[in-house]
Amino acid sequence: MAGITEEGASGSPAPPRRASWRLIGPGIVVAATGVGAGDLVATLVAGSRYGYTLLWAAVIGCLVKISLAEAVGRWHLATGRTLFEGWRSLGRWTTGYFGVYVVVWGFVYGATAMSSSALPLAALFPDGPGLRTWAVVTGLVGLVFVWWGRYPVVEKAMAVLVGVMFVVVVYVAVRVAPDLGAVLAGLALVLPDGSLLYSLGLVGGVGGTITMAAYGYWVNAKGWSGPGWMGVMRLDNRVAYLTTGIFVVAMLIIGAELLHSSRIALEGGDRGLVDLGEVLADRYGSATATLFLVGFFAASFSSLIGVWHGVSLLFADFATRLRRGSARVPAGGAAAAGGGAGDAEGAGAPERTTAFRAYLLWLTFPPMLLLFLDRPFGLVVAYGVLGAFFMPFLATTLLWLLNSRRTPPEWRNGPLSNTMLAAAGLLFVVLCVQQVRELPW
């Protein structure tokens, strides 16, 4: 890789003399994982209702995600400690919250991810298996792929899927012939009547999930360890979320040009993307519609793979530290993500640990029950409440950790980082309150 001429004492790559875009990887994985079908629908709906007026919100959202992911990566590199280790240093309450959240979230999200990946396949092959069968197939493919594939393989697969969804969505956005004057006007900070929640959703929702907390684990899995990699991590993070920003803007353009101007309303949920495929078929032919459905599948399946891998790393770290108490473990080794003296089978390979694979199975098989049953009322409420609190939890704890003695002085937050993280925390609190209010109590 460019700029690397030797290896560190531990066998991991030595920090490069200068950052190079050819080193990027973890940022693409975390950004792609955070952009799923639900985010695409939310962006389309915003574009269909308000045209280009909320484009500024998508740009600010990109900056918010860059700040959050940079803070996660900086903590891992500057301290040599995992994010969960940092959370645990703040008190037992963090362990309790995360433990309940990751179990409930994984159960419900597993079914959501499989259904989302199945929808475009069912639309592409209308004479093939039904939606539930496709959902089971995508879950099993994701399980097998992540079970046997280590991080480098996951990164390469994600890069391919990101490339597909990026090219497809940008192509469709260009195909609908956007009004460039209206696009530029959308950068002005304007809030039409009734648009506040939509604008907050664009700023905070697209690309913002638990997988942002997994960024530091992917940074370590890449072999980056220590402050010497800080420049590479920051370049990686910016390139990834700028790519995501372009992707979101392209979806907003599609919503504004195809739906807003024609007053077409999409069906709720992920099925709205299937509706959009039908609109594209009517306007531009079946080839464009098929291409869009392929991009839809790439976006959904990349989120599935990213969650199956990244959140399993988080859970493995969580389980290891519960088992071994508060003993400090270097962030880049096996124990950082589930390995250790008590789990020799996973030495040097976090993906081979019992905890990692146990959570991988939890994400895959129990959620299949929800594909055939209605979600229990209590589970829906618990999932909504716990999920709504996660992003405020992440932003607030990062502020705490990166302004304390837990972080070396030279890598603590500056005024800009504090402003961005505080603004993100406030934003996510507002979204949290709104999401909890909308639950079917």
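This is a predicted model: local features need pLDDT of at least 70, side-chain atom pairs count only at pLDDT 80 or more; totals for chains, interfaces and linings use all residues.
Local features need pLDDT of at least 70 and side-chain atom pairs count only at pLDDT 80 or more, while totals for chains, interfaces and linings use all residues. Residues are numbered from 1 along each chain as its sequence is written, and side-chain values use heavy atoms, with hydrogens and water left out.

The protein has 17 helices and zero strands, taken as DSSP runs (H or I, at least four residues, for helices; E, at least two, for strands). Of its 441 residues, 56% count as buried, meaning under 20% relative accessible area; exposed is over 50%, and partly exposed is in between (1.4 Å probe, protein chains only).

Now for helix α6, residues 131-148. Buried residues in α6 include Trp-134, Leu-143 and Val-146. Among the elements covering the buried part of α6 are α5 (92-124) and α13 (286-324).

Two residues elsewhere make a handy pair:

| Residue | Relative accessible area | Class |
|---|---|---|
| Thr-354 | 46% | partly exposed |
| Ser-48 | 18% | buried |

Thr-354 lies in helix α14, and its C-alpha atom is 8.1 Å from that of Ala-316, 38 residues apart along the chain. Ser-48 belongs to helix α2 (residues 37-50). A polar atom of the Ser-48 side chain lies 2.8 Å from the backbone oxygen of Val-45.

Conventions: Contact means heavy atoms within 4.5 Å. A polar contact is a pair of N or O atoms within 3.5 Å; within protein, one must be able to donate a hydrogen and the other to accept it, and residues adjacent in sequence count only if both atoms are side-chain atoms.
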